[in-house]
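Welcome, and please open your viewer. We will walk through a few stops together, and at each one you will hear what to select and what is there.

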Amino acid sequence: MDQLTAIRGFARVVEAGSFTRAADSLDMPNATLSKVVQDLEAHLGVRLLQRTTRRVTVTPEGREYYEKTLRIVRDLEDIDSAFNAAPGRPKGHLRIDVGGSTARDVLVPALPDFLARYPDIRIDLGVSDRAVDLISNNVDCVIRGGPLDDSSLVARHIGTADLVTCATPRYLKQFGTPAYPDELKNGHKLVSYLSSQTGRAFPFRFERDGEKLEIKVEHRVGVNESNAHLAAALAGLGIVQTFTYAAGPALKTGALVEILTPWRPQPYPFHVVYPHNRHVTQRLRVFIDWLMGHLPARLRG
């Protein structure tokens with residue numbers, strides 16, 4: 001038995017929650033991975049996983065073994081990466097997840113600089129506004145906006161984005177331009193952004209001179225993806241509240257017009273997030289450092 005391969009295979013099953021997903025991420029046949037884990041259990045003389053037709057559950061012994069061997073596996077990966085790369089040139093594979101408009105308007109336009117600095121790093125970019133399980137999906141880090149409640153994740157603040165309330169000139173000509181947030185309740189059509197977790201609409205938020213307001217009105221259209229959210233506003237479906245980095249080009253051309261400017265809410269925080277129990281490789285470390293230096297200005301639009 002190749003014990004290191006067995007440990008790595010077992011760790012991926014624990015993280016992915018299934019043999020199938022773990023085998024896919026390791027590019028290994030499912031049957032081979034199952035045999036590897038069985039051999040590891042026989043070698044240790046303990047049951048690490050409980051298997052049923054529907055799910056895989058980690059035993060108490062399996063959880064303890066996973067936690068004790070995880071650091072060894074991560075350290076070996078980092079050592080291999082350091083020795084396989086020239087000094088100052090980390091190499092390897094980074095899996096990053098980011099929201100739709102943040103990918104389009106913030107991260108992707110800046111990536112040529114990162115890849116020029118670190119040509120030996122390969123990036124897989126997952127683009128979605130839906131919450132991602134970093135462990136089971138084998139993602140190195142995610143870039144997300146808003147408050148963070150998961151204590152199993154490490155979050156580094158990378159900047160803030162301004163929010164703007166806007167609509168098309170045609171919409172404002174038809175329905176009028178509100179002067180106060182409360183006027184949104186009087187017959188205006190709202191295009192709301194929907195939470196990918198709850199399906200509920202985020203309220204429109206406003207602030208002026210310390211006064212904070214939340215407007216919760218039944219929306220005309222609700223969208224749970226940021227690029228489509230902006231597209232709905234550009235189509236004249238109603239008033240939208242979105243990030244300046246996303247709406248900026250349309251505001252410059254006049255396709256959208258900002259309203260309620262004195263009532264702009266506080267800037268929205270953005271973080272890069274990665275699992276607490278995952279060793280930070282050299283390639284992830286340089287990516288996070290690069291984000292800290294390059295994304296704040298882009299987030300502000």
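Begin by selecting Ala 31, which counts as exposed because its relative accessibility is 60% (exposed means over 50% relative accessible area, buried under 20% and partly exposed in between, with a 1.4 Å probe and protein chains only). Ala 31 sits in helix α3, residues 30–44. Helices (H or I, at least four residues) and strands (E, at least two) are DSSP runs, numbered from the N terminus.

A word on what you are looking at. The model is predicted, so local features need pLDDT of at least 70 and side-chain atom pairs count only at pLDDT 80 or more, while totals for chains, interfaces and linings use all residues. Residues are numbered from 1 along each chain as its sequence is written, and side-chain values use heavy atoms, with hydrogens and water left out.

Next, zoom out to the whole protein. The C-alpha atoms fill a box of roughly 75 × 45 × 35 Å, taken along the principal axes. Of the 301 residues, 44% count as buried.

Now select helix α1 (residues 3–16) and helix α2 (residues 19–26). Their axes come within 8 Å and cross at roughly 125°; the axes are lines fitted to C-alpha atoms over the stretch in contact, and angles run from 0 to 180 degrees between N-to-C directions. That makes α1 oblique to α2 (under 35 degrees counts as roughly parallel, over 145 as roughly antiparallel, 65 to 115 as roughly perpendicular and the rest as oblique). To see the contact (heavy atoms within 4.5 Å), show Gly 9, Arg 12, Val 13 and Ala 16 in α1, which meet Phe 19, Arg 21, Ala 22, Ser 25 and Leu 26 in α2.

Two loops make the last stops. Which residue lies in the loop between β9 (204–208) and β10 (211–215)? Select Asp 209, which is in that loop. Its phi is near 50°, a positive value in a residue other than glycine. Asp 209 counts as exposed, at 77% relative accessibility.

Finally, move to Leu 260, in the loop between β13 (257–259) and β14 (268–275). Leu 260 is not a glycine, yet has a positive phi of about 55°. Is Leu 260 buried or exposed? With a relative accessible area of 7%, Leu 260 is buried.
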